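Keep the sequence and the 3D view open, and try each task before reading its solution.

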Amino acid sequence: SDLSGPSVFNTAHALTAYLEHSSCSMIMQIGIAGVFKESGLSIGDVAVASGEQYIGVRTDSLLNKALPFELIDGMPLTRKGIYDFDPALVDRYYEHLSRSITNESTQVAKGYFITVSAVTASQDMASWLYSAFSSPLMEAMEGAAAAHIAALYKIPMIEIRAASNFVGDRDKAKWNIDKAVMQIAEILILDWPIRNHR
């Protein structure tokens with residue numbers, strides 16, 4: 001395990017530096033994130049990403065045009081900043097989390113996450129992002145960077161996050177980072193099926 005720090009830049013650097021000197025059979029990214037109100041999830045809930053999308057271009061249209069080139073050769077979805085994860089692996093970890101988290105007030109979900117470089121600071125923008133980008137569950141600042149590096153090195157990846165705040169709500173008095181971090185601490189000590197993930 002390693003700490004990359006926040007943002008796509010720190011994540012891409014830390015993960016690349018690690019992989020250039022070490023090997024691993026899977027990348028597991030765990031952290032906190034903002035949750036979209038429209039997802040039905042709440043602060044403290046947990047989600048497994050089925051894929052990541054990097055939001056590099058925002059326009060007034062809900063239809064975002066693809067880049068004229070692939071970010072990774074042979075992966076056409078990267079034209080839109082999309083990185084799909086192995087569905088069987090996602091299902092396995094989602095089911096494991098669903099069985100392992102016994103607190104009945106905590107929801108566990110799976111679905112797309114988005115990665116942004118600028119934190120969404122209004123409910124109008126949060127609603128626009130939810131509509132424009134395949135109804136994402138969570139917004140974070142690192143996932144797509146890890147997914148990009150994982151794809152380059154051809155290493156499977158799982159991303160799990162606990163919600164610390166609602167996307168678009170900049171009133172930090174309503175955030176609950178402590179609750180999200182406690183959820184992450186409990187997730188980190190679970191007996192994970194990492195060794196036999198393939």
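**Exercise 1. Find which residues of α1 are buried, and work out how they are arranged.**

Step 1. The buried residues of α1 are Val 8, Thr 11, Ala 14, Leu 15 and Leu 19. Buried means under 20% relative accessible area, exposed over 50%, and partly exposed in between, with a 1.4 Å probe and protein chains only.

Step 2. Looking down the axis of α1, these buried residues fall within an arc of 145°, so they line one face of the helix. The arc is taken from the directions from the helix axis to the C-beta atoms. An α-helix has 3.6 residues a turn, so residues three or four places apart point the same way.

Step 3. Turned away from that buried side is a face with the exposed residues Phe 9, His 13, Glu 20 and His 21.

Step 4. The buried residues of α1 pack against β1 (27-35), β2 (46-54), β4 (108-115) and α4 (143-153); contact here means heavy atoms within 4.5 Å.

A word on the ground rules: this is a predicted model, where local features need pLDDT of at least 70 and side-chain atom pairs count only at pLDDT 80 or more, while totals for chains, interfaces and linings use all residues. Residues are numbered from 1 along each chain as its sequence is written, and side-chain values use heavy atoms, with hydrogens and water left out.

**Exercise 2. Compare the span of α1 with the expected one.**

Step 1. Helix α1 covers residues 8-21, which is 14 residues. Helices (H or I, at least four residues) and strands (E, at least two) are DSSP runs, numbered from the N terminus.

Step 2. The expected span is 1.5 Å times one less than the number of residues. From its first C-alpha to its last, α1 reaches 20 Å, close to the 20 Å expected.

**Exercise 3. How many salt bridges does a search of the whole structure find?**

Step 1. The search finds three. A salt bridge is a side-chain nitrogen of Lys or Arg within 4 Å of a carboxyl oxygen of Asp or Glu.

Step 2. One joins Lys 110 and Asp 91, at 2.4 Å from N to O. Lys 110 sits in strand β4 and Asp 91 in helix α2 (residues 87-100), so this pair links distant parts of the chain, 19 residues apart. Lys 110 counts as partly exposed at 38% relative accessibility, and Asp 91 counts as partly exposed at 28%.

Step 3. Another joins Arg 161 and Glu 142, at 3.0 Å from N to O. Arg 161 lies in strand β6 (residues 157-166) and Glu 142 in the loop between β5 (138-140) and α4, so the pair ties together parts 19 residues apart in sequence.

Step 4. Arg 161 also bridges to Glu 159, with the closest N and O atoms 2.6 Å apart. Arg 161 counts as buried at 2% relative accessibility, and Glu 159 is buried at 0%. Shared partners join Glu 142, Glu 159 and Arg 161 into one network.

**Exercise 4. Which strand holds the bridge partner of Ile 30?**

Step 1. The partner is Ile 160, in β6.

Step 2. β1 and β6 run parallel, joined by nine bridges; two strands pair if DSSP finds at least two bridges between them.

Step 3. β1 and β5 pair in the antiparallel sense over two bridges, and Val 35 stands opposite Met 138 in β5.
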